[in-house]
Amino acid sequence: MMGQYIADGIVLGATLALGAIGLTLTYNILRFANFAHGEFLTFGAYFALMIIPAVAGGASYSPLTFGWSFLIALAAAAALTAVLALLLDWLLYRPLRSSSIAATVVIASFGASLALRNLVVFVWGPQPEYYSRQIALAQEVLPGVRLTADEIFVVALTALLMVALHLFLRRTRLGKAMRAVSDNPALASVTGIPVHGVIRWTWVVGGGLAAIAGVLYGLTVQISPEMGFNLVLPMFAAAILGGVGSIYGAVLGGLIIGLAESVSVPLTGAAYKPAVGFLIMFLILLFYPRGILGERS
């Protein structure tokens with residue numbers, strides 16, 4: 001039985017990790033906590049919901065077969081959410097970045113989150129949605145561990161994206177530029193790195209990953225206007241636990257939070273899952289104040 005809870009925690013942790021990576025990228029390069037990041041997950045999930053019937057010729061998506069219609073919708077949702085992130089930065093964050101009060105942008109992100117959440121309700125309605133009404137049958141993959149095809153797909157795609165992101169940051173010119181701007185924006189600008197271009201790509205990568213996380217969460221749970229708002233605090237917890245500013249720490253933090261919430265269910269009940277995740281974060285931060293993989297002073 002415990003093996004099943006661990007497997008469920010890995011599935012949830014994979015989703016949180018993808019979302020936490022976007023938060024970490026934003027904080028690293030733009031130096032502010034974007035509380036509207038959760039709405040990128042919501043918009044990504046709804047964009048895919050809107051696109052899937054169009055590319056499938058009106059047919060609904062079956063959760064047991066990952067056809068091209070779903071993959072195309074996933075890529076299109078990531079692209080549309082990246083555009084949304086760029087638009088939000090252009091309209092709101094960029095004019096405020098020159099403010100001498102750092103909290104200004106953070107407070108603005110709260111307002112943006114509220115506005116975007118209400119926009120989702122206005123466009124798609126308040127009722128929960130599903131990519132398919134069919135029942136996904138779980139198969140035994142290990143003794144005592146049963147997973148659906150959806151959940152296996154979520155874990156596999158998340159692992160693939162994390163490897164791709166690692167190679168992107170380490171091997172590509174743009175990835176190295178992003179790391180340089182993260183370390184020292186002023187020095188990066190002096191050396192000829194286009195900081196504004198790096199900022200735009202940060203929104204593209206962070207928004208795209210958030211959209212994919214939202215689609216994967218909707219695939220295994222459900223889609224609702226509140227999903228991003230409900231996930232943003234666990235994603236912040238994952239980013240802080242792993243070490244603010246560490247991409248790999250965000251992945252580790254997401255897995256720890258997901259496992260803690262899932263494994264605690266037989267002990268405390270499902271209602272207290274978020275509280276257990278935050279309790280684990282507090283306990284670990286007592287010994288690692290800068291996070292598990294955070295920089296040591």
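Which residue forms a salt bridge with Arg117, the closest N and O atoms being 3.8 Å apart? The partner is Glu226, and the legends below place this pair among other close-up views. This is a predicted model, in which local features need pLDDT of at least 70 and side-chain atom pairs count only at pLDDT 80 or more, while totals for chains, interfaces and linings use all residues. Residues are numbered from 1 along each chain as its sequence is written, and side-chain values use heavy atoms, with hydrogens and water left out.

**View 1. Confidence along the chain.** The pLDDT, which is the predictor's confidence in each residue on a scale from 0 to 100, averages 87 for the protein, and 94% of the residues score at least 70. Over residues 58–65 the pLDDT stays under 50, and for this stretch the model has 20 contacts beyond four places in sequence, a contact being heavy atoms within 4.5 Å.

View 2. Arg117 forms a salt bridge with Glu39, where the closest N and O atoms are 3.2 Å apart. This pair links distant parts of the chain, since Arg117 is in helix H4 (residues 103–124) and Glu39 is in helix H2 (residues 37–55), 78 residues apart; helices are DSSP runs of H or I with at least four residues, numbered from the N terminus. Glu226 also forms a salt bridge with Arg117. Glu226 lies in the loop between H8 and helix H9 (227–242) and Arg117 in helix H4, so the pair ties together parts that are 109 residues apart in sequence. Buried means under 20% relative accessible area, exposed over 50% and partly exposed in between, using a 1.4 Å probe and protein chains only. Arg117 is buried because its relative accessible area is 12%, and Glu39 is buried at 1%, whereas Glu226 is partly exposed at 36%.

**View 3. The salt bridge between Asp89 and Arg97.** The side chains of Asp89 and Arg97 meet at 2.6 Å, N to O. Asp89 counts as buried because its relative accessible area is 5%, while Arg97, with a value of 26%, is partly exposed.

View 4. When residues up to four places away in sequence are not counted, Thr24 touches Ala239, Gly245, Ser246, Ile247 and Ala250.

**View 5. Arg31 in the loop between H1 and H2.** Arg31 is found in the loop between H1 and H2, and its phi is near 60 degrees, a positive value in a residue other than glycine. With a relative accessible area of 42%, Arg31 is partly exposed.

**View 6. Helix H8 along its length.** The 26 residues of helix H8 (residues 195–220) should span 38 Å at 1.5 Å a residue, and the end C-alpha atoms are 38 Å apart, which agrees; the expected span is 1.5 Å times one less than the number of residues. H8 is mostly covered, as 21 of its 26 residues are buried.

Methods: Helices (H or I, at least four residues) and strands (E, at least two) are DSSP runs, numbered from the N terminus. A salt bridge is a side-chain nitrogen of Lys or Arg within 4 Å of a carboxyl oxygen of Asp or Glu.
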